[in-house]
Amino acid sequence: MEYLVTMTTHVPDGTPDQAIADIRTREAVHSAELAAQGHLLRLWRPPLRLGDWRTVGLFAAAEGGRLEQVLASMPLRVWRTDEVTPLSPHPNDPDPATPPPVAGEKAAEFLVTFTLAVPPGIPAQLVEDTKAREAQAAHDLAGQGHLLRLWALPGAGRALGLCQARDAAQMEAILQALPLAPWTTADTTPLSPHPSDPGIIHPKVTAPTGTP
């Protein structure tokens, strides 16, 4: 299974700068080890407020208990709280065997949470036809390098997409053009590069086959 983990670190007041630097160095080394094991797939920095220290990670593990072991092994866990969201397969997820093209130079990445709410009274056939057009649009966006991954989230009608675009304006235009957009709320989170992101060195966003 794959999981999205929001990691929030609170360093105790009075902690020496050298101790912080040492644990961050150990965290970077261990992150590389987890990536080599197939557990850590991606790392990003979300928008931060003053005083925030947050990281968003894409992890893979056989089940929740194994994921907890992975997270507990990370040096920064002594100062950190983790919010885990399980991710399920989505029928429109791009083929993980096909490397995505780059969506233009300096493409930015975004996490997009989709919540579908079809209004009452919409004919069932119209809903099915629109979903079919959405699936084709997802396929096209994957081919253009704009849709990297798509997962189902817990709860009816919810999904999470990992997307890339030139900037926030282009990302918004892409979302507004989706066939299901009139019935969907899309919450977009811009992502910044993380120095320990496995995707910087090994640019793939899927769990390897046989991940333990």
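Select T55 first: apart from its neighbours within four places in sequence, T55 is in contact (heavy atoms within 4.5 Å) with V5, T6, M7, L43, W44, P46 and H194. This is a predicted model, in which local features need pLDDT of at least 70 and side-chain atom pairs count only at pLDDT 80 or more, while totals for chains, interfaces and linings use all residues. Residues are numbered from 1 along each chain as its sequence is written, and side-chain values use heavy atoms, with hydrogens and water left out.

T55 is found in strand 3, residues 54-60, where helices (H or I, at least four residues) and strands (E, at least two) are DSSP runs numbered from the N terminus. Because its relative accessibility is 10%, T55 counts as buried; buried means under 20% relative accessible area, exposed over 50%, and partly exposed in between, with a 1.4 Å probe and protein chains only.

Leaving aside neighbours within four places in sequence, V84 is in contact with Y3, L4, V5, L67 and L71. If you also pick G64, you will find its C-alpha atom 9.2 Å from that of V84, although the two residues are 20 apart along the chain.

Now zoom out to the whole protein, which has 5 helices and 8 strands in the order β-α-β-β-α-β-β-α-β-β-α-β-α along the sequence. Of its 212 residues, 41% are buried, and among contacts with a separation of 6 or more, 78% join residues 24 or more positions apart.

Select helix 3, residues 124-144, and look at V127, T130, E134, A137, A138, L141 and A142, which are buried. Seen down the axis of helix 3, these buried residues fall within an arc of 135 degrees (taken from the directions from the helix axis to the C-beta atoms), so they line one face of the helix. The face turned away from that buried side carries the exposed residues Q125, H139 and G143, whereas the buried residues pack against strand 6 and helix 4. Just after helix 3, G145 takes a positive phi of about 85 degrees.

Helix 4, residues 168-176, is the next selection, and here Q170, M171, I174 and L175 are buried. Viewed down the axis of helix 4, its buried residues fall within an arc of 135 degrees, so they too line one face of the helix. On the other side of helix 4, A168, A169 and Q176 are exposed, while its buried residues pack against strand 5, helix 3, strand 7 and strand 8.

Finish at the largest pocket, where 28 residues form the lining and H90, F114, E134, A159 and L180 lie nearest the centre. On a 1 Å grid over the protein atoms alone, a pocket is an open set of points where a 1.4 Å probe fits, with protein on both sides within 12 Å along at least five of seven lines, and lining residues have an atom within 4 Å of a point. The space in this pocket comes to about 620 Å³, a volume being the space filled by probe spheres set on the points. Helix 4 gives the largest share of the lining, 5 residues, and helix 3 is among the elements that each supply at least two.
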